[in-house]
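Good morning, and thank you for coming.

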Amino acid sequence: MQTTLELNVAEGEEDEPTTPNQYFQSLFPSHTAQFGSAFLQLRETEAGKTRVNPISINLDFFASILSDSRIGLSVVYFEPEMQFYYNSAFQPVFKPTSSEKLQSLYRGLLMKAAQSFTKDVNILNLFVEFRSDKTSKAVVQRAKSILAADSSFFSPTSPNQRIRGVEMVERVARKFVDEVLSSEPGQILRINDAFAVFRQLLKERELPDIKRSDFKAVVVPLIKDQFNVCLRNDLGGSGRGWKGVKLLPV
Amino acid sequence: MHTTNPHLKALDQLQAARKRYQELEWRLKFLETVGSEKAQEPTEQQIMDWYQSLCRQHLN
């Protein structure tokens, strides 16, 4: 019996995937180019018959394929919150997902592969060892670095949006200042009125209510940047506000 | 096998788009959490547009 260990797909074998490495390379060519082949395979040849046995797994490769731009699926690990998020073209806002769910996706991908092979591939490791809790956890743990995104990924100025993230308040505040306020000499905008409209905008977006102090912390600097006016105490009547700023009808 | 008939070509593309969408749907089922909010099923045209934009991105 002749046995060989292999990592790469042998030349001329790319057309019809007959081994686990070929299978994953055909589905994830760019991931393979970046992280290498999916498995270390053992090829055993005896009496003219060949049998392939995947004996060790490439964790980096499997962590990377949890996110797949070929089908428009984006998965990131948002480091500031230690939380995985995913989105797709049909759901443009990122939603949170759990490590356990990603482990299920990984196991599903291996199961699909195992089901596609004939008797020439030993699928025992694909089905049992590589789908064990230990290996699944290791893959998702590795994904935390491979799919890592920093705080700028969901920043208020980033094109990436997620459901009910803390920066949503600032996004709404920017929209509020850009679209609901205008510069108008002689006009006075009371902070109470501005806060009431802002709370209404949050409610419309099903975002949680905020405290008046948090509203001030976000909106006062934005109004200063946009209209070059500061919050004033000398307006008389009921409370503080801005001169030369008008609230437009919402 | 490649065809030059534009109708068959369009059918091939639609089939490829559906297959790719099914793959995405299959993976999303692992990640989603069951809730009251039901995602709306995309139309065939939306799936086709999505597929063509993916092809443009990956040039395949």
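**Chain B and its setting**

Of the 60 residues in chain B, 27% count as buried, where buried means under 20% relative accessible area, exposed over 50%, and partly exposed in between, with a 1.4 Å probe and protein chains only. What we are viewing is a predicted model, in which local features need pLDDT of at least 70 and side-chain atom pairs count only at pLDDT 80 or more, while totals for chains, interfaces and linings use all residues. Residues are numbered from 1 along each chain as its sequence is written, chains are lettered from A and ligands numbered from 1 in the order in which they are written, and side-chain values use heavy atoms, with hydrogens and water left out.

Chain B contains two helices and zero strands; helices (H or I, at least four residues) and strands (E, at least two) are DSSP runs, numbered from the N terminus. Its accessible surface comes to about 4,900 Å², of which 53% belongs to carbon and sulfur atoms. Such areas come from the Shrake-Rupley method with a 1.4 Å probe, and for residues only the protein chains shown count as cover.

Turning to chain A, the domain assignment gives domain 1 (2-154) and domain 2 (167-247), with bounds taken from an automatic or database domain assignment. The centres of these two domains of chain A, taken over C-alpha atoms, are 49 Å apart.

**Salt bridges**

Side chains of opposite charge can pair when their charged atoms come close. Over all chains, the structure holds 12 salt bridges, each being a side-chain nitrogen of Lys or Arg within 4 Å of a carboxyl oxygen of Asp or Glu.

Which residue of chain A forms a salt bridge with Glu23(B)? The partner is Lys112(A), with the closest N and O atoms 2.8 Å apart. This pair crosses between chains, from helix α1 (residues 6-31) of chain B to helix α4 (residues 99-116) of chain A. Lys112(A) is partly exposed, because its relative accessibility is 30%. A network of salt bridges links Asp68(A), Lys112(A), Glu23(B) and Arg27(B).

Within chain B, Arg18(B) forms a salt bridge with Glu44(B), at 2.9 Å between the closest N and O atoms. Here distant parts of the chain are linked: Arg18(B) lies in helix α1 of chain B and Glu44(B) in helix α2 (residues 44-58), 26 residues apart.

In chain A, Glu179(A) and Lys175(A) meet in a salt bridge of 3.3 Å, N to O. They are four residues apart in helix α7 (residues 167-180) of chain A, and therefore about one helical turn separates them.

**Helix α6 of chain A**

The buried residues of α6(A) are Thr135(A), Ser136(A), Val139(A), Val140(A) and Ala143(A). Seen down the helix axis, they fall within an arc of 135°, so they line one face of α6(A); the arc is that of the directions from the helix axis to the C-beta atoms. The face turned away from this buried side carries the exposed residues Asp133(A), Lys134(A), Lys137(A), Gln141(A) and Ser145(A).

**Two loop residues**

Most residues other than glycine have a negative phi. Met82(A), however, has a positive phi near 55°, and lies in the loop between β4 (74-78) and β5 (83-88) of chain A. Asn228(A) also has a positive phi, near 55°, and is found in the loop between α9 (212-227) and β9 (241-247) of chain A. Asn228(A) counts as exposed because its relative accessibility is 60%.
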